[in-house]
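This report goes through one protein chain, part by part. Please keep the sequence and the structure in view while reading.

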Amino acid sequence: MNVDLPPRLKLALEASILEEYAISALKQAAESVSLRYRQTDRNGTDVQIKSKVEALSYLAARMPATFAANIMVMTEVEKKLVDFLPRTLLDIGAGPGTSSVAASYLFKTLEQIEMVEPNNYLQSAGRDVLAPFLREPVWIAESIENFKPRQLYDIIVASYVLNEISEEKWKPIIQKFWDSCSGVMMILEPGTPQGAKIIQSIRNWAVEKQVHILAPCPHSHRCPLSDSESGAWCHFAVRTARSKLHKILKGGEAGFEDEKFSYIILSRILSKTEPYRLIGHPSGSKLREMQVCGPKGAETLQVSKSHPLHKKSKKLEWGDSFDVGY
Ligand SMILES: C[S@@+](CC[C@H](N)C(=O)[O-])C[C@H]1O[C@@H](n2cnc3c(N)ncnc32)[C@H](O)[C@@H]1O
């Protein structure tokens with residue numbers, strides 16, 4: 001699926017960024033942030049944003065992709081819970097407010113958004129640039145660990161944040177916020193083996209506590225990719241257009257980038273679970289090959305032209321869930 005920043009948001013974002021800094025300064029800042037984030041074994045590397053120019057370079061270089069991943073995940077909520085009319089949202093480790101902006105676009109019933117973000121530079125960038133795109137935003141300058149929710153929220157989202165927090169804290173954090181969630185809780189991480197491992201650990205917690213998993217898992221048995229010998233891990237992808245500024249900041253000439261992400265949606269509201277989820281791009285024309293997670297674990301379904309699923313399979317994309325019966 002393709003998800004681009006809405007044109008008005010993209011224009012406002014780039015205009016305010018370029019008004020503040022020269023492209024050379026933004027490029028240098030984007031490179032140092034990216035270098036810190038790319039160090040997979042961070043060994044205590046502090047990845048946090050350290051200046052205003054770094055925060056604005058994050059908005060230009062990373063926000064389009066994390067926004068797209070958030071839209072993908074939230075669309076799954078929309079599809080599965082058609083009567084869900086969320087009023088309140090809590091965005092933890094909000095950065096500039098990426099998830100909150102995505103939710104403001106998708107869930108028109110939202111009335112109150114709280115964003116927990118201790119980094120001053122990211123919070124200011126969000127306040128300065130993204131305020132017009134947020135519904136009733138309230139910023140809270142606290143860490144996830146210290147923040148004490150004082151109410152229930154219809155949506156809680158943690159996007160690309162748990163990988164910045166040590167492993168022993170993940171489950172207590174999830175438990176604390178789940179206790180304050182009256183609707184759905186979405187957790188997104190980079191679509192890397194490390195990101196998938198975080199999601200896996202939350203999934204294990206959810207299965208143990210019998211918390212309903214809305215997506216992506218079509219079952220609550222052992223995850224077939226958890227210790228897969230093939231080296232595969234559970235992740236999805238979304239394509240997003242690259243602007244001229246984005247190309248300059250991140251290099252390369254391609255007109256798009258594919259953002260890989262892993263995610264899980266926990267839900268207080270039960271929904272119908274379809275038995276299969278595509279965990280890779282389908283291929284083939286007459287004989288369609290579809291890598292799926294399903295009742296038999298991870299497998300490749302081969303769908304010939306005579307099968308009732310063949311026609312439908314042409315419309316299915318990596319990340320979609322489906323039933324074979326129609
Ligand atoms: C990669 S950014 C993601 C920002 C945003 N959620 C998004 O999807 O674009 C990670 C964010 O997590 C925040 N963060 C890291 N550790 C945190 C903590 N202990 N408490 C709250 N936020 C934290 C950082 O300040 C940063 O804003």
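## A buried tryptophan

Trp 178 has a relative accessible area of 6%, so it counts as buried, the cut-off being under 20%. The model described here is predicted. Trp 178 belongs to helix α7.

Which residues touch Trp 178, apart from its neighbours within four places in sequence? The contacts are Met 185, Trp 205, Val 211, Leu 266, Ser 267 and Arg 268. Tyr 153 lies 25 residues from Trp 178 in sequence, and the two C-alpha atoms are 9.6 Å apart in space.

## Helix α8

Helix α8 covers residues 193–208, which makes 16 residues.

Several residues of α8 are buried, among them Gly 195, Ile 198, Ile 202 and Trp 205. Others on the list of buried residues include Ala 196, Ile 199, Arg 203 and Ala 206. In general, an α-helix has 3.6 residues a turn, so residues three or four places apart point the same way. What covers the buried residues of α8? The cover includes helix α7 (170–178) and the strands β5 (181–190), β6 (212–215) and β8 (256–267).

## Backbone exceptions

Most residues other than glycine have a negative phi, and most peptide bonds are trans. Gln 210 is not a glycine, yet it has a positive phi of about 55°.

Glu 136 sits in the loop between α6 (120–130) and β3 (137–140). With a relative accessible area of 58%, Glu 136 is exposed.

The peptide bond between Ala 215 and Pro 216 is cis, with omega at about 5°. Pro 216 is in the loop that runs between β6 and β7 (236–241).

## A nonpolar surface patch

Leu 18, Ile 23 and Ile 248 form a nonpolar patch on the surface. Together they have about 200 Å² of accessible area. Leu 18 is part of helix α1 (residues 7–20). Is Leu 18 exposed or partly exposed? Its relative accessibility is 37%, so Leu 18 counts as partly exposed.

## Two domains

The chain is divided into domain 1 (7–267) and domain 2 (276–322). Domain 1 contributes 15 residues to the contact, and domain 2 contributes 12 residues. Taken over C-alpha atoms, the centres of domain 1 and domain 2 are separated by 28 Å.

Notes. Residues are numbered from 1 along each chain as its sequence is written. This is a predicted model: local features need pLDDT of at least 70, side-chain atom pairs count only at pLDDT 80 or more; totals for chains, interfaces and linings use all residues. Side-chain values use heavy atoms; hydrogens and water are left out. Patches are made of residues with over 30% relative accessible area and no salt bridge: like charges are joined within 9 Å, nonpolar side chains (Val, Leu, Ile, Met, Phe, Trp, Tyr) within 5 Å. Accessible areas come from the Shrake-Rupley method with a 1.4 Å probe; for residues, only the protein chains shown count as cover. A salt bridge is a side-chain nitrogen of Lys or Arg within 4 Å of a carboxyl oxygen of Asp or Glu. Helices (H or I, at least four residues) and strands (E, at least two) are DSSP runs, numbered from the N terminus. Buried means under 20% relative accessible area, exposed over 50%, partly exposed in between (1.4 Å probe, protein chains only). The expected span of a helix is 1.5 Å times one less than its number of residues. Contact means heavy atoms within 4.5 Å. Domain bounds come from an automatic or database domain assignment.
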